[in-house]
Amino acid sequence: MIINALLILYILSPKIGYVDYSVIFVFLSFLLSFRYKSQIQIRIDRSISLILLLWVGTILLSIYSDLYYQDLNLFFTLKPIRQIILIVLLGIVIKINKINFERIVNIIIIASILNSLIVITQYILHILHINDSFLLFSNFNSDVLVIFRKPGTFSGYPTASMVSLFGIILMFETKLDKHMILKIPIIICLIISLILTARTGFVLCILYLLYFTVKEVKNVKKLILILCSLSLLFLFLININKIGILHKDTINVMFEFIIEKKFSTRSTDSLIESYKSLPQNVSTIFIGNGLFMKSDDEHVSGIGNATVDVGFQIYFFGNGILYLFLILLLYGLYFRLSLYRLTNKKVKRLFIILYGILFLSSLKGDFLFSRGFPDQLLILTLVMYYEKKIIKNTMCDYRIRV
């Protein structure tokens, strides 16, 4: 139980300043795993060793870029170091405690639900003018704090939305075999938190539900579950809107593309402009410009470099094309790791969906190997890799009793 609680905190914990609390909770899990053992034996598999070696390569590239520009940028160095620490420690925790797929799915769903409840609580407390900073950590930029959406325990709205989306996908893919009616409140809670966070997760959720509907078109029970959940959600939103708890800008922002009757929004227009940024110097192509979230283009005001939000652009402009190549290669190796020795088609489909969504979300923001959703996927991948038995050709054994 203690290990479970620490892993939930690993998913939900913020980074405040230079203190990464998620790593601290993983380290505590690591220490507790050896409380009944007199010696520590650490064996790293060949596939994991390759991944660790590539992360070391990204660190060296980052250090070279810093030396070249004589400017220290810790983002491109600390992120690989964090991944190395997490991979090694989580792998040991998983193996010693014999954590299986079912257990980690339960942990991830519970973490998603807890964050959703925090998001909803933050929203209600703020709109009722009781507390506008409930469980908002100092890593959250107070300049973007608004009344009509909340980030949970994370540093940004999109990250919180992706954590909720992860929970929704796991619920639909692994928990609907029995007692489906009991899952409706959980699904509604997770979807509400999507509406109160960011369009990134909300739009991807809509796409996923459309995919799930097509996939399960012959499964009447599951389609009824979706219909009931969305109907109850719609009625709930209408009622709380009537009594004034639902802020008008929540609807205006989340459903902007419907209200304005066009697919593009201010956010997508800004994203398109970001994609137009191209390197102006040869050095940027090979070793980057040494800046975080900055392109070579001048800002519209003429002061400083223009900001880029796309994850892939951040790596490319920051440390160059080789650094970006290693990041993409590592993403592919993580995906390959998740499918290692996996014969269950349903579980394979689950990982394809999750890694596909991670890739799509990274076309908009910096999600690759970040905290939140990628941390959930990392531990799920490691569990899948280290689990010795091959999962039976059913997912009935991997469901949470709610």
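Predicted model: local features only at pLDDT ≥ 70, side-chain atom pairs only at ≥ 80, totals over all residues.
**Exercise 1.** Find out how many cavities of 30 Å³ or more the whole structure holds, and describe what lines the largest cavity.

*Solution.* Begin with the search of the whole structure, which finds 2 cavities of 30 Å³ or more. The largest cavity has a volume of about 90 Å³, and its lining is made by Gln83, Tyr331, Tyr334, Tyr355, Leu358, Leu368, Phe369, Pro374, Leu377 and Leu378. Finally, sort the lining of the largest cavity by class, which gives 9 nonpolar residues, 1 polar residue and no charged residues.

**Exercise 2.** Describe the lining of the second largest cavity by element and by class.

*Solution.* The second largest cavity has a volume of about 60 Å³. Among the 10 residues that line this cavity, Arg43, Ile44, Val88, Ile92 and Tyr386 are the closest to its centre. Turning to the elements, helix 4 (residues 75-97) gives the most to the lining, with 5 residues. By class, the lining of the second largest cavity has 7 nonpolar, 1 polar and 2 charged residues.

**Exercise 3.** Decide whether helix 6 and helix 7 run roughly parallel or antiparallel, and list the residues that form their contact.

*Solution.* First take the geometry: the axes of helix 6 (residues 157-174) and helix 7 (residues 184-195) come within 9 Å and cross at roughly 155 degrees. Because angles over 145 degrees count as roughly antiparallel, helix 6 is roughly antiparallel to helix 7. The crossing of the two helices is left-handed. On the side of helix 6, the contact is made by Ser161, Ser164, Leu165, Gly167, Ile168, Met171 and Phe172, while helix 7 brings Ile186, Ile187, Leu190, Ile191, Ser193 and Leu194. Sorted by class, this contact has 9 nonpolar, 4 polar and no charged residues.

**Exercise 4.** Identify the helix that gives the most to the lining of the largest pocket, and sort the residues of that lining by class.

*Solution.* The largest pocket has a volume of about 1,700 Å³, and of the 45 residues that line this pocket, Ser155, Gly156, Thr159, Met293 and Asp366 are the closest to its centre. Several elements each supply at least two residues of the lining, including strand 1 (15-16), helix 6 and helix 8 (199-215), but helix 4 gives the most, with 6 residues. The lining of the largest pocket divides into 20 nonpolar, 13 polar and 12 charged residues.

Definitions and conventions: Residues numbered from 1 in each chain as written. Heavy atoms only, no water. 1 Å grid on protein atoms, 1.4 Å probe; cavity = no way out; pocket = protein on both sides within 12 Å on 5 of 7 lines; lining within 4 Å. Points joined across faces, edges and corners; volume = space filled by probe spheres on them. Nonpolar A, V, L, I, M, F, W, Y, C, P; charged D, E, K, R; others polar. Helix = DSSP H or I, 4+ residues; strand = E, 2+ residues; numbered from the N terminus. Axes fitted to C-alpha atoms, helices over the stretch in contact; angles between N-to-C directions. Parallel < 35°, antiparallel > 145°, perpendicular 65-115°, else oblique. Left-handed = near helix turned anticlockwise from the far one by under 90°. Contact = heavy atoms within 4.5 Å.
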